[in-house]
Amino acid sequence: MIYHPYLIPDRIDKNELLDRDEIALNDAAKSFDDLRKINRFLGGVGVYNKTLFRLLRVYPPSQHISMLDVGTGSGDMSGEVLKRCRSQRMNITLTGLDVQPKFLQLAKRRHTGTNGFNLIVSDAFTMPFNDNSFDVVISNLVLHHYYDRAGEFLEEMYRITRHAIVINDLLRHTIPLLFFKLYSPFFVKSPITRYDG
């Protein structure tokens, strides 16, 4: 798909508010609540349903699947994936990795008692895993944070996966931006999400 340059907004080279260390845990939690709704109703979960689960169908039901979610944040997409896998009786363990310990605090709080869901603090460029450690590596709305290091990010994911990588991320274009501005009053409560969007 080719877009005319005037339809693509200029890139803003600033950290998103959610990426800043000084963001309070409660403020981060509100922004992740927004992101969970956006993923559920505006595409993220649907993307995984169309791509990830088509891929997972090739595994025999009895086979154990190990999965890594790079940049898991509060673990909401990981939780959705696990719930769907369990409903289809898949034998899966999922590890959520994030560079922000406070995001993993939220993930732990939100997914207490979820079996087969482990959490690791690490950056995405030197992950503490051996080569070919996971069957599948996923990442949701993370790659655009590493615009200048995308190649390194992908190489590290490739290093640790045995079978497949599934990435869901943003499309920079005027139409999604207008769509976000139009529908964000219905989905977005946090000023952090509004600013970052």
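This is a chat about a predicted model of a protein chain.

Colleague: How many helices and strands does the protein chain have?

Modeller: The secondary structure comes to eight helices and five strands. Along the sequence, the pattern reads α-α-α-β-α-β-α-β-β-α-β-α-α.

Colleague: What share of the residues counts as buried?

Modeller: Of the 197 residues in the protein chain, 41% count as buried.

Colleague: And what is the average pLDDT?

Modeller: The protein chain averages 79, and 72% of the residues score at least 70.

Colleague: Now the core. Which residues touch the most other members of the largest nonpolar core?

Modeller: Leu 52, Leu 56, Met 67, Val 81 and Ile 138, out of the 19 residues in that core. At least two residues of this core come from each of α2 (44-50), α3 (52-56), β1, α4 (76-87), β2 (91-98) and β4. The largest share is that of α4, with four residues.

Colleague: What does Leu 56 touch?

Modeller: Not counting residues up to four places away in sequence, Leu 56 touches Ile 65, Met 67, Cys 85, Met 90 and Val 136. There is also a second, separate core of 13 residues, which includes Leu 68, Val 70, Phe 129 and Ile 160.

Colleague: Ile 160 belongs to α6, I think. Which residues of α6 are buried?

Modeller: Phe 153, Glu 156, Met 157 and Ile 160. Seen down the axis of α6, these buried residues fall within an arc of 100°, so they line one face of the helix.

Colleague: Why would residues three or four places apart point the same way?

Modeller: Because an α-helix has 3.6 residues a turn.

Colleague: What do the buried residues of α6 pack against?

Modeller: They pack against β1, β4 and β5 (161-168). On the other side of α6, Glu 155 and Tyr 158 are exposed.

Colleague: Changing topic to rings. How many aromatic pairs are there?

Modeller: The structure holds four. One of them joins Phe 125 and Tyr 146, edge-to-face, at 4.9 Å centre to centre with 80° between the planes. This pair links distant parts of the chain, 21 residues apart. Phe 125 is in the loop between β3 (117-121) and β4 (134-140), while Tyr 146 is in the loop between β4 and α6 (150-160).

Colleague: Is Phe 125 buried or exposed?

Modeller: Phe 125 is buried, with a relative accessible area of 14%.

Colleague: What about the rings of Phe 129 and Phe 134?

Modeller: Their centres are 4.9 Å apart and their planes stand at 90°, so that pair is edge-to-face. Phe 129 and Phe 134 are both buried.

Colleague: Which residues do ring pairs link into a cluster?

Modeller: Phe 125, Tyr 146 and Phe 153.

Colleague: Where does the charged end of Arg 149 sit?

Modeller: Over the ring of Phe 125, 3.7 Å from its centre. The charged end of Arg 84 sits over the ring of Phe 53, 4.4 Å from the ring centre.

Colleague: What is Tyr 59 in contact with?

Modeller: Leaving aside neighbours within four places in sequence, Tyr 59 is in contact with Ile 65, Asp 135, Val 136 and His 163. Between the C-alpha atoms of Tyr 59 and Asn 91 there are 9.8 Å, and the two are 32 residues apart along the chain.

Colleague: And where is Asp 169?

Modeller: In the loop between β5 and α7 (174-187). Asp 169 is partly exposed, with a relative accessible area of 22%. Its contacts, leaving aside neighbours within four places in sequence, are Leu 141, Val 142, Leu 143 and His 144.

Technical notes: Residues numbered from 1 in each chain as written. Predicted model: local features only at pLDDT ≥ 70, side-chain atom pairs only at ≥ 80, totals over all residues. Heavy atoms only, no water. Phe/Tyr/Trp six-rings, centres within 6.5 Å; stacked < 30°, edge-to-face > 60°. Buried < 20%, exposed > 50% of the residue type's maximum accessible area, 1.4 Å probe, protein only. Lys NZ or Arg CZ within 6 Å of the ring centre and 35° of its normal. pLDDT = per-residue confidence, 0-100. Arc of directions from axis to C-beta. Contact = heavy atoms within 4.5 Å. Core = buried A, V, L, I, M, F, W, Y, C linked by side-chain atoms within 4.5 Å.
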